[in-house]
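Below is a short note for a colleague who has not looked at this structure before. Please read the points with the model open beside them.

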Amino acid sequence: MDPPPAPIRWRTTAISILVVVLILATVSPSTAIYCDEDDCYDLLGVTQSANSSEIKKAYYKLSLKHHPDKNPDPESRKIFVKIATAYEILKDEATREKYDYAIAHPEEVFYNTAQYYRAYYGHKTDARAVLVGLLLILSGFQYLNQTTRYNQAVAMVKKTPAYKNKLRALELERSGGVTNKKKGQKNKDRKVEEDLSKVEEELDLQITGTERPSIWKLIGVRIILLPYTLGKLLLWSSCWFWTYKVKKSPYSWEDASYLTQSSLGLTDDRWRSIDEATKEDLVLRSLWEKSNMENYMTEMRKESKRRR
């Protein structure tokens, strides 16, 4: 018998999880998250209408009776923990208000649970620390992802004939054009190949679709440098507007290259991988102008059809 389709399996799993949550919510009342199965007021021996002074007096009276230093009985220790928990809940007006609401509305399980954790942990956690921790975690995963993708790309490039030919040419260049088959020379050449970073630099590997891992591209670093980046962008935009919009000066080679790269939608790595002659031809075409770009795309389509 064939297994059910994936959407049906996911729907069945989601329904099962929802049923379990609803069952747990029915079995365990929302007030149980405060003082377990006990009533916080009953633990202190006070009514729900008791004021803060009465609650404090009841707690001190019971704590003297059940404190571990006064009563070594293990059961008294458990009772002391319960009354201490109840007092921590009822002494704070905000927490007590949420507890009273949970008593009056036991059916609102999810809301009461959220209010409980917000009251207990929301004000105790510095939002800045949470933000910094979140950025560190995201940046760590981002760097790990960049490293993994880059290493996979390098491994694929190293299996291509073009890479092996370039590596062979490098070996011949180092050996003066003489191929030595001795074991010692083989080990030496293998060491050169294993030194990946050096080989990549010398062979100028053209790896498209991925980039070298860089801490400057991590989201955490970019957020830290955001004021500097915005200031630099504002200054650059002002200079661009003044030079090319107001003074009507011709584009410099660097700016024309930037416009060409943007018009073609190329990444920095793709643009750097293009040979200088092709770059010069593209820049001279002024592809940032709509008519020139349309003519260029038409030429590319004709060239593609001709090659077919």
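1. Disulfide. The model is a predicted one, and a search through the whole of it finds one disulfide. The partners are Cys 35 and Cys 40, with their sulfur atoms 2.0 Å apart. The link of Cys 35 and Cys 40 is right-handed, with 105° about the S-S bond.

2. Cys 239 is partly exposed, and its relative accessible area is 43%.

3. Helix α4, length and start. Helix α4 runs over residues 52-66, which makes 15 residues. From its first C-alpha to its last it reaches 21 Å, close to the 21 Å expected at 1.5 Å a residue. The N-terminal end of α4 is capped by Asn 51, which places a side-chain oxygen 3.2 Å from the backbone nitrogen of Ser 53.

4. Helix α4, buried face. Which residues of α4 are buried? They are Ile 55, Ala 58, Tyr 59, Leu 62, Ser 63 and His 66. Seen down the axis of α4, these buried residues fall within an arc of 130°, so they line one face of the helix.

5. What do the buried residues of α4 pack against? Their partners are α3 (40-44), α5 (74-90) and α6 (93-104). On the other side of α4, the residues Lys 57, Lys 61 and Leu 64 are exposed.

6. Aromatic pairs. The whole structure, when searched, gives 12 aromatic pairs. Trp 240 belongs to helix α13 (residues 226-246) and Tyr 258 to helix α14 (residues 253-264), so the pair ties together parts that are 18 residues apart in sequence. Trp 240 is buried, with a relative accessible area of 14%, whereas Tyr 258 is partly exposed, with 40%.

7. A tilted pair. Tyr 244 and Tyr 251 also form an aromatic pair, and this one is tilted: the centres are 4.6 Å apart and the planes make 45°. Tyr 244 is buried, at 11% relative accessible area. Tyr 251 is partly exposed, at 32%.

8. The aromatic cluster. Which residues make up the cluster that holds Trp 240 and Tyr 258? One aromatic cluster is formed by Trp 236, Trp 240, Tyr 244, Tyr 251, Tyr 258 and Trp 288.

9. Gln 261. Gln 261 is placed in helix α14. With a relative accessibility of 11%, Gln 261 counts as buried, since buried means under 20%. What does Gln 261 touch, leaving aside its neighbours within four places in sequence? Its contacts are then Leu 266, Thr 267, Asp 268 and Trp 271.

Methods:
Residues are numbered from 1 along each chain as its sequence is written. This is a predicted model: local features need pLDDT of at least 70, side-chain atom pairs count only at pLDDT 80 or more; totals for chains, interfaces and linings use all residues. Side-chain values use heavy atoms; hydrogens and water are left out. Helices (H or I, at least four residues) and strands (E, at least two) are DSSP runs, numbered from the N terminus. The expected span of a helix is 1.5 Å times one less than its number of residues. Buried means under 20% relative accessible area, exposed over 50%, partly exposed in between (1.4 Å probe, protein chains only). The arc is that of the directions from the helix axis to the C-beta atoms. Contact means heavy atoms within 4.5 Å. A polar contact is a pair of N or O atoms within 3.5 Å; within protein, one must be able to donate a hydrogen and the other to accept it, and residues adjacent in sequence count only if both atoms are side-chain atoms. A disulfide is a pair of cysteine sulfur atoms within 2.5 Å. Rings of Phe, Tyr and Trp (its six-membered ring) pair if their centres lie within 6.5 Å; planes under 30 degrees apart count as stacked, over 60 as edge-to-face and the rest as tilted.
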